[in-house]
Amino acid sequence: MKNPYDVLGVKRDASAEDIKKAYRQLAKKLHPDLHPGNTKVEQDFKEVSQAYSLLGDAEKRKRFDRGEIDASGQETPRAGGFYRQYAERGGPGGGKYRASDFGDEINIEDIISDLFGGGGRGKGRGGARKGADVSYTAPIDFLDAAVGAKKRLRLSDGKVLDMTIPPGTADRQTLRLKGQGGPGTGNAPAGDAYVEVHVQPHAFFTRKDNDIHLELPITLQEAVLGASLEVPTVHGKVAMKIPAGSNTGATLRLKGKGITDRKSKQSGDQYVKLKVVLPDKPDEDLKSFIEGWAKSHGYDPRRKAGMT
Amino acid sequence: MPITFEQVTLEIEVGPDELQAWIERSWVLPIRQEGTYLFDDADLARARLIAELHRDLEVNEEAMPVVLRLLDQVYGLRRTLAELNRAIKALPEDARVQLQKELENQSAAAKD
């Protein structure tokens with residue numbers, strides 16, 4: 001383990017201000033996101049930030065100077081990692097942070113047209129050429145994907161794309177936005193934008209093909225006596241009858257309350273799986289009632305499940 | 001797994017007002033859902049980068065968009081270069097050899 005004073009290149013009696021200065025100097029030089037593709041620099045930067053986490057903290061520095069702690073074990077894990085590991089990803093999954101003042105970012109279409117298109121005409125000098133296609137990824141809301149929506153997509157340079165999300169859009173589906181790519185030259189049309197959508201998980205709905213699944217917590221009395229309840233669906237709340245004696249795990253079907261298939265126009269269903277939930281606080285009345293009831297009403301659910 | 005606004009402020013030690021301002025300037029683009037924000041790992045890494053640019057690299061508010069924009073361009077170029085590399089690797093052997101020779105000529109010419 002290297003001595004943190006040596007790592008930062010400061011003397012043992014350096015002031016807090018000097019240490020901060022030295023660290024900042026090194027960080028400017030070594031920050032991995034400023035050195036894409038250079039793997040060595042990441043190790044150096046980690047050493048430097050580790051040294052600074054020790055010496056930049058007056059209390060820790062004192063303890064280190066007294067020999068109470070050593071230079072090891074100071075590294076805190078970096079959740080999410082460095083930015084460059086996301087920014088470097090190619091293809092349509094290449095991240096939403098783009099220098100996309102369209103045409104501003106050199107992309108493969110530019111290279112192709114420079115090499116093969118236009119008989120040696122440079123970019124932007126005369127000639128009609130269709131604008132470049134651009135691709136993005138965008139996270140979209142679960143409900144927007146399920147029932148469809150119109151959405152504004154904001155890009156890192158403030159550029160705005162209007163996107164129509166059709167009902168029943170699937171995760172990782174690519175939507176084509178005609179004419180929303182780079183501008184064409186001459187009279188040629190603009191390119192298209194391709195957006196790969198990532199459907200975000202929902203707090204309580206899950207989706208299997210065109211069916212929606214939901215786990216519905218119900219009270220003990222609703223389970224035993226039956227009830228008429230309001231249940232959320234992707235299309236809004238609907239009334240549903242719970243039969244008396246419904247158990248945890250019982251699954252009820254709301255026909256046609258799933259997602260409408262874009263091609264067949266058939267609607268999926270929503271499956272509601274019941275889950276009986278006891279009161280949060282132990283209830284004395286319930287306890288004494290059950291004690292009395294249990295004496296004459298033994299039953300063995302584990303035998304039924306084959307566990308005995 | 002999405003990360004919440006609050007988790008990001010704790011993870012990168014930045015105030016909620018500051019993080020909110022970054023979102024409003026489109027420096028970070030979390031998804032907006034039901035009155036709150038959801039961050040993915042790339043959003044978190046980018047927010048941390050902005051925090052470090054600001055705190056440690058002393059990039060001030062006026063210079064930040066310039067720095068981010070240049071970074072976005074560098075990464076964009078690198079993605080394009082990677083695509084080009086993949087395309088070249090898919091070429092037949094003799095075409096690659098020819099390309100290699102041509103590149104060597106170019107780099108020799110550039111040194112003169």
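B:Val8 touches B:Ile3, B:Leu19, B:Phe39, B:Leu44 and B:Ala47, leaving aside residues up to four places away in sequence; touching, or contact, means C-beta atoms, placed from the backbone, within 7 Å. Keep in mind that this is a predicted model, where local features need pLDDT of at least 70, side-chain atom pairs count only at pLDDT 80 or more, and totals for chains, interfaces and linings use all residues. Residues are numbered from 1 along each chain as its sequence is written, while chains are lettered from A and ligands numbered from 1 in the order in which they are written.

Now step back to the core around that valine. B:Val8, B:Ala45, B:Ala47 and B:Ile50 touch the most other members of the largest nonpolar core, which has 22 residues. Such a core is a set of buried Ala, Val, Leu, Ile, Met, Phe, Trp, Tyr and Cys residues joined through C-beta atoms within 7 Å, and "buried" means that 20 or more other C-beta atoms lie within 10 Å of a residue's own. Which element gives the largest share of this core? That's α3(B), with seven residues; helices here are DSSP runs (H or I, at least four residues), numbered from the N terminus.

Next, look at where the two chains meet. The contact takes 35 residues from chain A and 33 residues from chain B. On the chain A side, α2(A) gives the most, with four residues. By class, that side of chain A has 14 nonpolar, eleven polar and ten charged residues. Here Ala, Val, Leu, Ile, Met, Phe, Trp, Tyr, Cys and Pro count as nonpolar, Asp, Glu, Lys and Arg as charged, and the others, Gly among them, as polar.

Terms used. A residue is buried if 20 or more other C-beta atoms lie within 10 Å of its own, exposed if 12 or fewer, and partly exposed in between; C-beta atoms are placed from the backbone. Helices (H or I, at least four residues) and strands (E, at least two) are DSSP runs, numbered from the N terminus. Two residues are in contact if their C-beta atoms, placed from the backbone, lie within 7 Å.
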